[in-house]
Amino acid sequence: MTDIEIDKALALAIGYKLFDVKFHHDMWAVVVYNGSWRLFSHRDWNVIGPIAERYDMFPHLNSSGKWGKWSVWTKQHDISADTPQKAIALSVIGAKK
């Protein structure tokens, strides 16, 4: 998945409806409670941090043969990615399927 595809899938996985998500300036944006649009990117800690806390999916640096990879362990799967933000996003997406 590309970063843009991850952003859209994450927004939908956490409860945004398809009509609440739009593509804007090479990024996805979501409508917020007051009806305005806000850029939505899993790479932004202000976006992914509260999601990690809400879903209790905190990454750790995987030291067992995958140096430089971040992992999130859940009951269903172990997701690894090159950044902690991406590991959180992919884990939430996977848990919601």
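First, the ground rules. This is a predicted model, in which local features need pLDDT of at least 70 and side-chain atom pairs count only at pLDDT 80 or more, while totals for chains, interfaces and linings use all residues. Residues are numbered from 1 along each chain as its sequence is written, and side-chain values use heavy atoms, with hydrogens and water left out.

How confident is the predictor? pLDDT is its confidence in each residue, from 0 to 100. The mean pLDDT of the protein chain is 83, and 90% of its residues reach 70 or more. Confidence is lowest in strand 2, with a mean of 74, and highest in helix 2, at 94.

Now the layout. The protein chain has three helices and six strands. Helices (H or I, at least four residues) and strands (E, at least two) are DSSP runs, numbered from the N terminus. Along the sequence the pattern reads α-β-β-β-α-β-β-β-α. Of the 97 residues in the protein chain, 39% are buried. Buried means under 20% relative accessible area, exposed means over 50%, and partly exposed is in between, with a 1.4 Å probe and protein chains only. As for contacts (heavy atoms within 4.5 Å), take those between residues at least 6 apart in sequence: 36% of them join residues at least 24 apart.

Next, the sheet. Strands of a sheet pair through backbone hydrogen bonds, either parallel or antiparallel. Here an open sheet of three strands has the order 1-2-3, and the pairing is antiparallel. Strand 1 (21-24) and strand 3 are at the edges with a single partner strand each, so one side of each has no neighbour in the sheet. On average, neighbouring strands of this sheet are turned by 40° against each other, direction ignored. That angle is between axes, which are lines fitted to C-alpha atoms, for helices over the stretch in contact; angles run from 0 to 180 degrees between N-to-C directions.

Two strands count as paired if DSSP finds at least two bridges between them. Strand 1 and strand 2 (residues 27-31) pair over four bridges. Within that pair, Val-21 stands opposite Val-30, and Lys-22 has Ala-29 as its bridge partner. The hairpin of these strands has two residues between them, and His-25 takes a positive phi near 50° there. Strand 2 is also joined to strand 3 by four bridges, where Trp-28 is partnered with Phe-40. Four of the five residues of strand 2 are buried, so the rest of the structure largely encloses it.

Now helix 3. From first C-alpha to last, its 13 residues reach 19 Å, close to the 18 Å expected at 1.5 Å a residue. The expected span is 1.5 Å times one less than the number of residues. Buried residues in helix 3 include Pro-84, Ala-87, Ile-88 and Val-92. The buried residues of helix 3 pack against helix 1, helix 2, strand 5 (69-73) and strand 6 (78-81).

Last, the charged pairs. Side chains of opposite charge can pair when their charged atoms come close. How many salt bridges does a search of the whole structure find? It finds four. A salt bridge is a side-chain nitrogen of Lys or Arg within 4 Å of a carboxyl oxygen of Asp or Glu.

Lys-86 forms one with Asp-3, with the closest N and O atoms 3.7 Å apart. Lys-86 lies in helix 3 (residues 84-96) and Asp-3 in helix 1 (residues 3-13), so this pair ties together parts 83 residues apart in sequence. Lys-86 is buried, at 18% relative accessible area, and Asp-3 is partly exposed, at 26%.

Asp-7 forms a salt bridge with Arg-43, again with a closest N and O distance of 3.7 Å. Asp-7 is in helix 1 and Arg-43 in the loop between strand 3 (37-40) and helix 2 (45-55), so this pair ties together parts 36 residues apart in sequence. Is Asp-7 buried or exposed? Asp-7 is buried, at 0% relative accessibility, while Arg-43 is partly exposed, at 40%.

Asp-82 and Lys-86 also meet in a salt bridge, at 3.6 Å from N to O. Asp-82 is partly exposed, at 46% relative accessibility. Salt bridges that share partners join Asp-3, Asp-7, Arg-43, Asp-82 and Lys-86 into one network.

That is the end of my part.

Notes. pLDDT = per-residue confidence, 0-100.
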